[in-house]
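Visitor: Hi, I'm new to reading protein models. Could you walk me through this one?

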Amino acid sequence: MWKVEGDKIVVDAAASSGPAAWIDGSCGVTFTKGQGLPGRAWAAGGAVEFAPNVQALDPSKYGRLDLAKQLGIKGSAAAFKDGVVIEVGCSSELSAPPAI
């Protein structure tokens, strides 16, 4: 889960669930509105943003690519709800955005 801090979003580790290595690896990362998958979800204001397979993206498009490969994360989606960005990831490719 990503929380808004001024003009960026940061991981809210206490409110996040999932692999500890993913949460820990994301803690040093921030996104501005429109930047990266979580930032695009924030900018979209509720619409689900998703990447069918983040491992197929260029590193310039997905800053946590090495971490995703290390942990086997392929499909990823995020949505802005109730003032936070909720991000989900899975080990398989996504054919459509999931309900968040």
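Visitor: Let's start with W2: is it buried or exposed?
Guide: W2 counts as buried, because its relative accessibility is 1%. Here buried means under 20% relative accessible area, exposed means over 50%, and partly exposed is in between (1.4 Å probe, protein chains only). Keep in mind that this is a predicted model: local features need pLDDT of at least 70, side-chain atom pairs count only at pLDDT 80 or more, and totals for chains, interfaces and linings use all residues. Residues are numbered from 1 along each chain as its sequence is written, and side-chain values use heavy atoms, with hydrogens and water left out.

Visitor: Okay. How many aromatic pairs does a search of the whole structure find?
Guide: One. The rings of W2 and F31 have centres 5.1 Å apart and planes at 70°, so this pair is edge-to-face. For the rule: rings of Phe, Tyr and Trp (its six-membered ring) pair if their centres lie within 6.5 Å, with planes under 30 degrees apart called stacked, over 60 edge-to-face and the rest tilted.

Visitor: And where do W2 and F31 lie?
Guide: W2 is in strand 1 and F31 in strand 3, so the pair ties together parts that are 29 residues apart in sequence. F31 is buried too, with a relative accessible area of 8%. Strands (E, at least two residues) and helices (H or I, at least four) are DSSP runs, numbered from the N terminus.

Visitor: What order do the strands of the sheet have?
Guide: The open sheet has six strands in the order 3-2-1-6-5-4, with antiparallel pairing. Strand 3 and strand 4 stand at the edges with a single partner strand each, so one side of each has no neighbour in the sheet. Neighbouring strands are turned by 25° against each other on average, direction ignored. Two strands pair if DSSP finds at least two bridges between them.

Visitor: How many bridges do strand 2 and strand 3 pair over?
Guide: Three, in the antiparallel sense. As an example, the bridge partner of V10 in strand 3 is T30.

Visitor: Which strands does helix 2 touch?
Guide: Helix 2 packs on the sheet and touches strand 1, strand 2, strand 3, strand 4, strand 5 and strand 6, and its direction makes about 35° with that of strand 5. Contact means heavy atoms within 4.5 Å. Axes are lines fitted to C-alpha atoms, for helices over the stretch in contact, and angles run from 0 to 180 degrees between N-to-C directions.

Visitor: Which residues are buried in helix 2?
Guide: G36, L37, P38, G39, A41 and W42 are, in a helix that covers residues 36–44. After helix 2 comes G45, with a positive phi near 65°.

Visitor: New topic: which side chains make a polar contact with the side chain of E87?
Guide: The W2 side chain does, at 3.0 Å, and so does the R64 side chain, at 2.7 Å. A polar contact is a pair of N or O atoms within 3.5 Å; within protein, one must be able to donate a hydrogen and the other to accept it, and residues adjacent in sequence count only if both atoms are side-chain atoms. E87 lies in strand 6 and is buried, at 16% relative accessible area.

Visitor: Last one: where does D82 lie?
Guide: D82 is in the loop between strand 5 (75–81) and strand 6 (84–90). D82 is exposed, with a relative accessible area of 83%. Although D82 is not a glycine, its phi is positive, about 50°.
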